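Hi! Here are my notes on the model you asked about. Have it open while you read, and go through the points in order.

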Amino acid sequence: MSASTSRRGGGGSSGASGSGTKGRGSGGPCGACKFLRRKCAPGCVFAPYFDPDQGATYFASVHKVFGASNVGKLLSKIPAHKRLDAVITICYEAQARMKDPVYGCVGQICTLQQQVLFILNFQLRLLVL
């Protein structure tokens with residue numbers, strides 16, 4: 001994980017390198033192209049966000065849930081300065097969908113809302129006593 005993704009909470013769940021460069025220091029394919037077993041073109045839309053080392057692992061869930069073609073089209077339509085946030089979100093949602101195929105990240109949001117309500121009710125009870 002780079003400093004760009006650590007600003008998002010650092011959990012290491014996104015797989016986005018966020019370097020803004022090709023991310024291919026050794027000249028090999030990016031993580032997405034490595035996973036897809038294809039040659040990484042110089043203008044590859046995935047290269048800045050899926051590094052050659054761990055990017056293939058993170059891209060696997062993105063590909064399985066959304067499809068490489070759909071994600072590529074989506075990223076190419078997003079302005080370059082907003083793509084990192086989009087990739088982080090796509091990776092998070094794909095991993096959540098892999099863990100919970102029915103609810104995905106919505107299930108996590110509902111769980112957090114229930115926890116907040118529990119805490120608020122507990123605090124209210126303490127005020128009444």
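1. What share of the contacts in the protein with a separation of 6 or more comes from residues 24 or more positions apart? They account for 54% of those contacts, where contact means heavy atoms within 4.5 Å.

2. Before going on, a word on what you're looking at. This is a predicted model, in which local features need pLDDT of at least 70 and side-chain atom pairs count only at pLDDT 80 or more, while totals for chains, interfaces and linings use all residues. Residues are numbered from 1 along each chain as its sequence is written, and side-chain values use heavy atoms, with hydrogens and water left out.

3. Now the overall picture. The protein has six helices and zero strands; both are DSSP runs numbered from the N terminus (helices are H or I with at least four residues, strands are E with at least two). Of its 129 residues, 34% count as buried, meaning under 20% relative accessible area, with exposed being over 50% and partly exposed in between (1.4 Å probe, protein chains only). The accessible surface comes to about 8300 Å², and 59% of that belongs to carbon and sulfur atoms; areas come from the Shrake-Rupley method with a 1.4 Å probe, and for residues only the protein chains shown count as cover.

4. Take a look at helix H3. Its twelve residues, 55-66, should span 16 Å at 1.5 Å a residue, and the end C-alpha atoms are 16 Å apart, which agrees. (The expected span is 1.5 Å times one less than the number of residues.) Just after H3, Gly67 takes a positive phi of about 90°.

5. Which residues of H3 are buried? They are Gly55, Ala56, Tyr58, Phe59, Ser61 and Val62. The buried residues of H3 pack against helix H2 (31-36), helix H4 (68-77) and helix H5 (83-99). Handy to know here: an α-helix has 3.6 residues a turn, so residues three or four places apart point the same way.

6. Zoom in on Ser61, in helix H3. With a relative accessible area of 10%, Ser61 is buried. A polar atom of its side chain lies 3.1 Å from the backbone oxygen of Tyr58. Leaving out residues up to four places away in sequence, Ser61 touches Ala94, Gln95 and Met98.

7. Finally, check the surface. Phe118, Ile119, Phe122, Leu126 and Leu129 form a nonpolar patch there, with about 630 Å² of accessible area together. One of them, Phe122, lies in helix H6 (residues 105-128). Phe122 counts as partly exposed because its relative accessibility is 48%. For the cut-offs, patches are made of residues with over 30% relative accessible area and no salt bridge, with like charges joined within 9 Å and nonpolar side chains (Val, Leu, Ile, Met, Phe, Trp, Tyr) within 5 Å. A salt bridge is a side-chain nitrogen of Lys or Arg within 4 Å of a carboxyl oxygen of Asp or Glu.

Methods: A polar contact is a pair of N or O atoms within 3.5 Å; within protein, one must be able to donate a hydrogen and the other to accept it, and residues adjacent in sequence count only if both atoms are side-chain atoms.
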